[in-house]
Amino acid sequence: LVADNLCPRDIVSEKSIENAFAVAMALGCSTNTVLHLMAIAHEAGFPFEMQRINDISRRTPTLAKFSPATNYWLEDLDMAGGVPAVMKELGSLLHQDGITVTGKTLRENLKSAEVRDRSVIHEFEHPIASHGGLTVLFGNLAPQGAVIKSSAVADGKRMHRGPARVYNSENDATQAIMKQEFKSGDVIVIRYEGPKGSPGMVEMLWPTSLLCGMGCDKDVALITDGRFSGATRGFAVGHMVPEAAAGGPIAAIQNGDIIRIDLDTQEISAELTHETIAMRLAALPTFEPRVKRGYLKRYLERVRSASEGAVMKD
């Protein structure tokens with residue numbers, strides 16, 4: 001970069017972020033993709049609205065799926081041609097004339113890429129799905145967005161509606177799930193696990209892994225202001241913004257409230273009036289941080305929302 005007189009902003013542009021999201025969509029990638037790319041966009045100095053992610057998803061087909069959604073693994077992707085092969089298959093959907101870290105354009109980098117296994121990387125004309133693998137949901141529970149790995153939702157399921165079971169930490173939810181304190185159709189709510197509430201937005205593996213291991217991921221939904229790994233499937237919605245610790249609507253949910261998650265309308269909402277939500281939020285005590293000192297205390301006081309990449313305020 002120094003030799004070619006390039007700076008990071010020459011490499012990271014809005015077009016390169018769009019490219020990255022498109023590749024993630026084609027691969028059915030982790031919800032963490034959103035967190036990281038929004039942070040990169042912020043550091044590069046340009047805004048990137050959450051709604052644009054859905055726009056990219058609508059025009060990007062899913063070309064590959066991996067465990068736990070299928071029996072293919074990342075080793076299979078590598079042997080099938082890797083990410084460059086996926087990018088070449090996406091063709092004109094990507095901005096290919098921008099300079100890259102190699103000092104060459106993306107178009108030049110992809111000249112030698114090829115797909116070696118069509119059972120892993122599907123043709124653009126015959127994709128696994130016509131849309132991308134991630135969906136951003138909006139609604140009265142997530143006015144600024146929430147993220148679901150829609151490519152890992154069971155085929156044919158586009159909506160989940162059910163009563164809430166509310167937990168104020170990952171640990172409480174994990175213990176309840178292990179004791180099977182839920183019913184088919186429930187929506188497990190895990191809150192105060194966002195950037196400020198956790199603090200640090202710790203990756204939650206246990207709740208989603210347990211539900212999958214019990215075979216309940218098709219019948220039980222999970223929503224949280226925290227995050228989880230790419231090893232999730234079913235109606236698992238994360239990154240709900242604003243988070244509970246910031247006074248977000250998820251803090252107003254009570255056991256038994258009916259929650260609706262709709263992939264077609266890209267909506268996540270509670271069947272409550274705005275007045276009820278506002279009244280409940282006003283009655284809540286002031287958020288009490290779990291961490292009282294040190295760097296994490298400074299972090300939770302300065303961190304931005306997940307929809308902004310959980311970066312620090314200037």
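**Close-up views of a predicted model**

Helix α2 is the biggest contributor to the lining of the second largest cavity, giving three residues. This is a predicted model, in which local features need pLDDT of at least 70 and side-chain atom pairs count only at pLDDT 80 or more, while totals for chains, interfaces and linings use all residues. Residues are numbered from 1 along each chain as its sequence is written, and side-chain values use heavy atoms, with hydrogens and water left out.

**View 1. The second largest cavity has a volume of about 50 Å³.** A cavity is a set of points on a 1 Å grid over the protein atoms alone where a 1.4 Å probe fits but cannot get out, and lining residues have an atom within 4 Å of a point. Here the lining is made of E18, N19, A22, I56, R59, T60, L93 and H95. At least two of the lining residues come from α2, and at least two from α4 (51–59). Helices (H or I, at least four residues) and strands (E, at least two) are DSSP runs, numbered from the N terminus.

**View 2. Helix α2 (residues 14–27) meets helix α6 (residues 82–90), their axes coming within 10 Å and crossing at roughly 100°.** That makes α2 roughly perpendicular to α6 (65 to 115 degrees). Axes are lines fitted to C-alpha atoms, for helices over the stretch in contact, with angles from 0 to 180 degrees between N-to-C directions. On the α2 side, look for A22, V23, A26 and L27; on the α6 side, V83, V86, M87 and L90 make the contact (heavy atoms within 4.5 Å). Eight of these contact residues are nonpolar, with no polar and no charged ones.

**View 3. Helix α9 (residues 206–213) has P207, T208, L210, L211 and C212 buried.** Buried means under 20% relative accessible area, with a 1.4 Å probe and protein chains only. These buried residues pack against α8 (170–178), β4 (187–190), β5 (221–224) and β6 (236–238).

**View 4. The largest cavity holds about 70 Å³ of space.** The whole structure has two cavities of 30 Å³ or more. Lining the largest cavity are T208, L211, C212, D217, V220, A221, L222, R233, G234, F235 and A236. Both α9 and β5 give two or more residues, and α9 has the largest share, with three. By type, the lining divides into seven nonpolar, two polar and two charged residues.

Notes: Parallel < 35°, antiparallel > 145°, perpendicular 65-115°, else oblique. Nonpolar A, V, L, I, M, F, W, Y, C, P; charged D, E, K, R; others polar. Buried < 20%, exposed > 50% of the residue type's maximum accessible area, 1.4 Å probe, protein only. 1 Å grid on protein atoms, 1.4 Å probe; cavity = no way out; pocket = protein on both sides within 12 Å on 5 of 7 lines; lining within 4 Å. Points joined across faces, edges and corners; volume = space filled by probe spheres on them.
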